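Trainee: I have a new model open and would like to learn how to read it. Could you walk me through it?

Mentor: Gladly; let us look at it together.

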Amino acid sequence: MDENPNSAGHCPSRPCPGPLVPVTMTSTPCLDNLPEEVLRDILSYCDIPSLASLAQTSRQGSVSTLACCNSTWYTLIQRRFGIGCQWRRKRARKRRQPNVVLVSRSSSSSLSSCGVSSKSKKRPTTYGGQTWKEAYRSLAAAMRIPETSITSGSHTAGGAIFASPHRRGMKGRSVANCFGMWSMVGHTENCKTKVARGNNRSPLPYRSDRRYIELKVCVQNTKSGFGNIVIPSVGSLRIVSVDEEDYFNSWGWDKWTPEYDPTFKVLSNGPWAPKTLLRQRFRQTDNGSVSDGECEDLRSANMEDIVLRPFELAIVSIHVACPEHMHFETDVLSVMSLMSLPIAGFGWPCKSDGELPPPVLRDIAVARFMSEEVLWEDYYCKLPGGCLSLTDRTRLIPM
């Protein structure tokens, strides 16, 4: 067929198109064209592995630059570890309870902050890295407890950590590996355990042949991005002694039945029942700031479960019943081996092959207590007259 433009079927008034010329696309990716504030808000929804992958991309653009800048990772360190935040105590308004405080801080939960404030004067080299990204990796590998008004301070102020998270190194997805649990001690003046002594009007409903110690347990969802962790019941916290761990490892943990009388038992009722000392929640506001939620009592009707979103934490006070012969805190801590807490995760991301995870992932979080040698070397010392005292090593001068 003749391709004459005047042939039949061709409109004579339409001009004949010229030869096709290849066009080279020089436009940049659409994400890099977005404003910096929008990009930082998008990156705030990424988890740490995704953020690290974006920082290592070969294409140099706004996304990869913001994913590896110090401002982005310093904001993540503020959320995960509380470093550089101005913690201050504030009384609860709705519930007036003694020793219940709120924590407010001035940092932002999103990645929309302009940079590291000069007032804080924090340096990444202090936390194990040349950059804040390397410092985050160092702090996460050590499972450092987040700084709050309760966890921060010297040993004598109650900030000493006697139990730290234990990673089991399980293959696949493990909710417990994304959950941090630390234990502190509510010290007494003479480092002795408590006795259940009340008055005639309000006697304590506890056994008089047992001693008691207060533990302050800090729990945190260390997972970034998305995925919530639920603690169904704090009363189900199990504290295992050294002898009990050896026995049940040999004969099976199914032997630990409700009829078994353990060495340590968490009190679940009365004035020494579990209660929340601090509850940190991130509530995103219109201007991107953080507003912490109010403290709640575990004995209230609407506090059956503790739900922790990414980087949120709670500090719970529990009282543990101990044998009668354990008169000092060191007698108790040297016998404690580990504590375990049933947890559940939901909203977990898909697997690498695209398979959806179960709606609820159940697991058991474990924290191990320090050895007796470390206990006496770093935290306690004997005084004349059979007394004990806490060792404050924050004022020691290195030689």
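Predicted model: local features only at pLDDT ≥ 70, side-chain atom pairs only at ≥ 80, totals over all residues.

Trainee: Where does Met143 sit, and what is the value of its phi?

Mentor: Met143 belongs to the loop between helix 5 and helix 6 (155–159). Its phi is near 50°, a positive value in a residue other than glycine.

Trainee: Which value does phi of Cys191 take, and where is Cys191 placed?

Mentor: Phi of Cys191 is positive too, near 60°, and again the residue is not a glycine. You will find Cys191 in the loop between strand 4 and strand 5 (194–195). With a relative accessible area of 2%, Cys191 is buried.

Trainee: Now the whole chain. How many helices and strands does it have, and what share of its residues count as buried?

Mentor: There are nine helices and 18 strands. Of the 399 residues, 45% count as buried. The chain exposes about 22,700 Å², with carbon and sulfur atoms supplying 52% of that area. For contacts, look at sequence separation: among those with a separation of 6 or more, 71% join residues 24 or more positions apart.

Trainee: How should I read a helix? I picked helix 4, so what span should its residues have?

Mentor: Here is the general idea: an α-helix has 3.6 residues a turn, so residues three or four places apart point the same way. Now the case here: helix 4 covers residues 70–81, and at 1.5 Å a residue its twelve residues should span 16 Å. The C-alpha atoms at its ends are 16 Å apart, which agrees.

Trainee: How many residues of helix 4 are buried, and what covers them?

Mentor: Eleven of the twelve are buried, so helix 4 is largely enclosed by the rest of the structure. Among the buried ones are Trp73, Tyr74, Arg79, Arg80 and Phe81. Their cover includes helix 1 (36–43), helix 2 (48–55), helix 3 (62–67) and helix 5 (132–141). Strand 6 (211–221) and strand 10 (275–280) are also part of that cover. Just after helix 4 comes Gly82, with a positive phi of about 70°.

Trainee: Which residues does Lys122 contact, beyond its neighbours within four places in sequence?

Mentor: A contact here needs heavy atoms within 4.5 Å. Lys122 is in contact with Tyr74, Ile83, Gly84, Tyr127 and Trp132, leaving aside neighbours within four places in sequence. Tyr74 is also one of the buried residues of helix 4. Lys122 and Ile83 are 39 residues apart along the chain, while their C-alpha atoms are separated by 8.4 Å. Lys122 itself lies in the loop between strand 2 (101–104) and helix 5, and it is partly exposed at 31% relative accessible area.

Trainee: Is Gln56 buried or exposed?

Mentor: Gln56 counts as exposed because its relative accessibility is 64%, and exposed means over 50%. Its place is in the loop between helix 2 and helix 3. From Gln56 to Cys68 there are twelve residues in sequence and 8.2 Å in space, C-alpha to C-alpha.

Trainee: And in a strand, what does Ser241 touch?

Mentor: Ser241 lies in strand 8 (residues 238–241) and is buried, at 4% relative accessibility. Not counting residues up to four places away in sequence, it touches Thr263, Phe264, Val335, Met336 and Ser337. Phe264 is 23 residues from Ser241 in sequence and 7.7 Å from it in space, C-alpha to C-alpha.

Trainee: Finally, how many cavities of 30 Å³ or more does the structure hold, and what lines them?

Mentor: It holds two. The largest cavity has a volume of about 60 Å³, and its lining has eight nonpolar residues, no polar and no charged. Val217, Ile231, Leu237 and Leu341 are among them. The second largest cavity has a volume of about 50 Å³, and its lining divides into seven nonpolar, two polar and one charged. Met143, where we began, is in that lining, as are His166, Arg167 and Asn177. Strand 4 (179–185) and strand 16 (361–369) each supply at least two of the lining residues.

How values were computed
Residues numbered from 1 in each chain as written. Heavy atoms only, no water. Helix = DSSP H or I, 4+ residues; strand = E, 2+ residues; numbered from the N terminus. Buried < 20%, exposed > 50% of the residue type's maximum accessible area, 1.4 Å probe, protein only. Areas by Shrake-Rupley, 256 points an atom, 1.4 Å probe, with all protein chains shown as cover. Expected span 1.5 Å × (residues − 1). 1 Å grid on protein atoms, 1.4 Å probe; cavity = no way out; pocket = protein on both sides within 12 Å on 5 of 7 lines; lining within 4 Å. Points joined across faces, edges and corners; volume = space filled by probe spheres on them. Nonpolar A, V, L, I, M, F, W, Y, C, P; charged D, E, K, R; others polar.
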